[in-house]
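Welcome! Here is a short briefing for anyone meeting this structure for the first time. Have a look at the sequence and the model, then read on.

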Amino acid sequence: MSRLTLLTSLLFIFFFQGVQAQIVSEDEEIERQLLASTKQLNQFFNRFNGEEDTKGRKFEPDDRQYRSERIRKRYLSILFDEENAEFSEDLLKTFIEQVTDKDNPQFLSLRSPEWFAVVNTTFKYKGKEEPLTLYMQIQQEGLGYEWVISDLVFEPYNTLFDKQRGETKEFLHPMSHELDFMNLRKALVKGGSPESYTLADFKPDLLTVFLYEVKMGLLEFQTVNRLNFHFFSIDGWYFQLNNFNRPGYNTGWLISDLAQVNDSQKEALLKIIYDKK
Amino acid sequence: MRSNILKYTLVTLFVVMGSVNALAQNAVDPNREKAIDSLALEKVRDLGKYIRIIGNKETPYSESTRVMDRAEELFAPDSEMGVSSLAREEIEYYKVREYFQRLRALNYDKVTIEWYDIHYISDLERQPDGRYVGVVTIYQKFEGRSGDQLSYKDTTKKDITIYVEKKETQIAGRTIEFWDVILGDIRVSETSI
């Protein structure tokens, strides 16, 4: 029996145990699929933590089923993408064992550390629609919490401040001060390379550039195309969540990538996700 | 409309009466959260009813306009619908009123809109201004017919923002605090089902 068939059977048993064999109408079948789907990230958290029943009703904290290891293990096994993901069953098992460990169970919430959203958007820039990736994080503010932009990747910005070094770069010659820096007039021109006249360790703050251009109306938000979430919240693990919109029982917000990571691997992975050199 | 006011008042009072402890802590007590969820679901169900009336081709124009007014009252100002389909993943944005007008103007002889008996209510999270926000997810089945032929059919997921706010009212000279629920932006995405 393939993993997929096994999981589909498991899901069916999990959500509809006790339902006797009967002819099921199309609408009933759809409702069963919708019930099984992890419909919100909030539901992913609640299932991950074992804080709700199969109908999505929350357990009271004093309910013996609340966060029970048994419930969590059953839920965790259905929170993974079974159609495309390529992680091994051993890895999955190790992960589930760790997060449900009796002595040190680990839970997730909106307020967990070290997780973020990657939001693929479209902006209008210089008359053209351009893709732009926003990195979003939750932070505490005022009386509650808010999502904020922590970083971005925008292709037109990638080379905007590419600064040459060495003999071929543009420069203000070392006696410019004697001429009251009158050569700045030739250096700071539209379409030029003003970044050439900065300190050797100059690093542009692209988020500030982005905010400025939005304020000036030069960058105009068009739409969100898709999003996913990256978690480093569980010690020694990385996983990614994607929304799977497809027929069946293994749908909604599911773990699509899972890896055990040490500190250096985590740094390397973050660089890849944030598209940093 | 009058029955709606009565219904909301009853549900709201239920939320008020059990909210003394919650108000003292300025937070939503888990038991009160259930009452707030019920109030939110009431408003969401009313929205569903209004959408069915607006979409129904047999509803007279004046009646659908009146229902649009009622439906708009469920929402916070500037609320929008963000709509995407399987064919087009980019989200298109409409003001709530514009969305209703587009629904009314759909070019079918008969429109059937039903909601599946599945919903999911998120936890309530506090935002910086002190109000609470949550999301109610429901699923809608749409069928458009031209003559006897089924022209278009889809199932959409609707993720509906709900804002929960503490308000005050005067009853018989006494100031009573209560939790009120108002709808916000709605994300509408076509499902593969």
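Apart from neighbours within four places in sequence, Ala71(B) is in contact (heavy atoms within 4.5 Å) with Tyr50(B) and Phe100(B). This is a predicted model, in which local features need pLDDT of at least 70 and side-chain atom pairs count only at pLDDT 80 or more, while totals for chains, interfaces and linings use all residues. Residues are numbered from 1 along each chain as its sequence is written, chains are lettered from A and ligands numbered from 1 in the order in which they are written, and side-chain values use heavy atoms, with hydrogens and water left out.

**Around Ala71(B)**

- Ala71(B) sits in helix α4 (residues 61-73) of chain B; helices (H or I, at least four residues) and strands (E, at least two) are DSSP runs, numbered from the N terminus.
- Ala71(B) is buried, with a relative accessible area of 0%; buried means under 20%, exposed over 50%, and partly exposed in between (1.4 Å probe, protein chains only).
- Val96(B) lies 25 residues from Ala71(B) along the chain, and their C-alpha atoms are separated by 8.9 Å.

**Helix α3 of chain A**

- Nine of the nine residues of helix α3 (residues 41-49) of chain A are buried, so this helix is largely enclosed by the rest of the structure.
- Among the buried residues of α3(A) are Leu41(A), Phe44(A), Phe45(A) and Phe48(A).
- Gly50(A) follows α3(A) and has a positive phi, near 70 degrees.

- Phe181(A) is found in the loop between α6 (155-158) and α7 (184-187) of chain A.
- Phe181(A) is partly exposed, with a relative accessible area of 41%.

**Where the two chains meet**

- Chain B and chain A bury about 2,800 Å² between them, 49% of it on carbon and sulfur atoms; buried area is the accessible area (1.4 Å probe) that two parts lose on being put together, summed over both.
- Tyr120(B), Pro128(B) and Ile193(B) supply 25% of the area that chain B buries against chain A, more than any other three residues.
- The contact takes 31 residues from chain B and 34 residues from chain A.
- There are six salt bridges between chain B and chain A, each a side-chain nitrogen of Lys or Arg within 4 Å of a carboxyl oxygen of Asp or Glu.
- Lys153(B) forms a salt bridge with Glu26(A), with the closest N and O atoms 4.0 Å apart.
- On the side of chain B that touches chain A, α3 (30-55), β3 (110-121), β4 (125-126), β5 (132-146) and β6 (149-171) of chain B each supply at least two residues.
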